[in-house]
Amino acid sequence: MLPLVFGDSIAGAAGSEYPVNTATSFIPYLHADGRFGFVDSEGQAPFAKTFEDAQPFTEGRAAVKSGGKWGYIDLRGRWIVRPRFTEAEPFRNGVACGAIVKPSTRSGFIDLNPFHSLGSRKCYLISPDGHTRSCRSDYPNSDEYDVASSRIRKPPSDSPELRVVRAPDRKSVGVLGTDGRQIVPFGIYDALENQRGHLFMAHRAEGWGVLDATRNVEVVRPSSVQSEYLGYIEPPDLSPPLLRVRRDDAWCLLDHTGAELRCGLHEVWEWGDGLIPASNQQKQWGALDTRGRLVIPFQYDWSFRFRDGHARVRVGGSEFYIDPQGREYRASSMSD
């Protein structure tokens with residue numbers, strides 16, 4: 001728990017002249033009254049405003065909730081977009097995404113019009129200066145959105161050096177290198193899927209496993225487990241990728257060579273900021289590093305993911321933020 005902050009009495013609370021710059025990072029802090037404010041790394045409040053809910057600052061802007069709607073503020077707590085959105089995403093690559101959702105008001109009878117049944121959803125792109133414009137469809141992942149061209153970025157090819165080809169008899173597949181040399185021969189695998197660099201989910205008669213195609217070595221030997229119980233730790237840019245597999249009714253975390261890093265887990269969640277959220281058999285959540293070491297103890301009630309240096313967690317119905325060192329940004333139980 002953050003020792004510098006106690007309830008609503010934040011030492012050194014500053015007014016609108018708080019010195020800020022684009023590198024400043026403020027952290028949502030849960031006050032004793034259940035409202036969110038912000039503090040810096042020293043536990044100082046940059047401004048006095050509090051909100052019903054808040055997200056961490058990204059690119060000098062933060063989504064906050066007031067009056068039941070989401071809007072955006074700058075580093076001095078000034079509105080750049082006043083609350084109007086039902087949903088709000090953080091700024092990424094110079095743009096944020098928001099949505100206004102209006103659920104259907106028609107009920108109590110059979111309605112054959114799906115638009116009436118589902119309500120409406122209108123999405124917007126938001127610039128750092130607060131200008132908004134409508135999206136053509138549901139808002140995209142802003143990590144993939146190119147502001148300059150107003151188009152979705154195409155993801156790069158997983159590995160141009162490796163290419164899966166099917167045998168002439170169509171019964172098996174192999175892998176070719178850039179020089180056309182066959183690295184993985186036909187006749188062994190009937191499917192090679194979900195490529196991440198040089199790794200493939202591979203299927204043969206014995207079941208699913210993981211193949212290192214550059215060496216033609218199975219780092220996870222095929223077994224009777226279903227494909228959904230074998231996979232990569234998300235997101236795909238984790239390099240080298242980590243693997244997870246379900247064994248004996250528990251999840252194991254493996255490195256890219258198939259070596260066990262940690263087993264006996266109830267669930268393993270998405271990687272973020274170098275940490276992997278996971279739960280123990282008591283369904284308490286904590287976080288592991290990429291070597292499988294427990295960095296944040298198992299103690300939280302639900303899954304979470306670190307992004308931009310913070311994760312939102314829950315304990316006993318109370319939601320607040322933590323940092324990768326496990327410090328909690330909420331009012332102390334001993335606060336006034």
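1. Start with the disulfide. A disulfide here is a pair of cysteine sulfur atoms within 2.5 Å. By that cut-off the structure holds 1 disulfide, joining Cys252 to Cys263 with an S to S distance of 2.0 Å. The link of Cys252 and Cys263 is right-handed, with 120° about the S-S bond. It ties together distant parts of the chain: Cys252 belongs to strand β22 (residues 250-254) and Cys263 to strand β23 (residues 260-265), 11 residues apart. Strands are DSSP runs of E at least two residues long, numbered from the N terminus.

2. Some ground rules before going on. This is a predicted model, with local features needing pLDDT of at least 70 and side-chain atom pairs counted only at pLDDT 80 or more, while totals for chains, interfaces and linings use all residues. Residues are numbered from 1 along each chain as its sequence is written, and side-chain values use heavy atoms, with hydrogens and water left out.

3. On confidence: pLDDT is the predictor's confidence in each residue, from 0 to 100. The protein has a mean pLDDT of 84, and 79% of its residues reach 70 or more. Over residues 1-17, though, the pLDDT is below 50, and this stretch has 47 contacts in the model beyond near neighbours in sequence. Contact means heavy atoms within 4.5 Å.

4. Back to the cysteines. How exposed or buried are they? The scale is relative accessible area: buried is under 20%, exposed is over 50%, and partly exposed lies in between (1.4 Å probe, protein chains only). Cys252 is buried because its relative accessibility is 4%, while Cys263 is partly exposed at 31%. Cys123 is in no disulfide; its nearest cysteine sulfur, that of Cys135, is 5.5 Å away. Cys123 counts as buried at 4%. Cys135 is likewise in no disulfide, with the sulfur of Cys123 as its nearest at 5.5 Å, and Cys135 is buried at 16%.

5. Which residues make the most contacts inside the largest nonpolar core? A nonpolar core is a set of buried Ala, Val, Leu, Ile, Met, Phe, Trp, Tyr and Cys residues joined through side-chain atoms within 4.5 Å. The largest one has 24 residues, and Phe38, Phe57, Ile73, Tyr300, Phe304, Phe306 and Ile322 have the most contacts inside it. Elements giving two or more residues to this core are β2 (36-39), β4 (62-66), β26 (285-289), β27 (294-300), β28 (311-315) and β29 (318-322). The largest share, 3 residues, comes from β29.

6. Now a sheet. The order β7-β8-β9-β10 makes an open sheet of 4 strands with antiparallel pairing; two strands pair if DSSP finds at least two bridges between them. Its edge strands, β7 (87-88) and β10 (132-134), each pair on one side only. Inside, β8 (residues 96-102) and β9 (residues 120-126) pair in the antiparallel sense over 7 bridges, and Lys102 stands opposite Ser120 in β9.

7. Next, a hairpin. β16 (residues 191-196) and β17 (residues 199-204) are antiparallel partners over 4 bridges, with Glu193 bridged to Met201 in β17. The hairpin leaves 2 residues between the strands, and Gly197 in the turn has a positive phi of about 65°.

8. Finally, the charges. A salt bridge needs a side-chain nitrogen of Lys or Arg within 4 Å of a carboxyl oxygen of Asp or Glu, and the count by this rule comes to 17. Arg312 forms one with Asp53, with the closest N and O atoms 2.7 Å apart. This pair links distant parts of the chain: Arg312 in β28 and Asp53 in β3 (residues 53-54) are 259 residues apart. Arg312 is partly exposed at 22%, whereas Asp53 is buried at 14%.

9. What else joins that pair in a network? Asp53, Arg312, Arg314 and Glu319 are linked by salt bridges, with Glu319 and Arg314 at 3.0 Å between closest N and O atoms. Elsewhere, Arg196 meets Glu234 at 3.2 Å, N to O.
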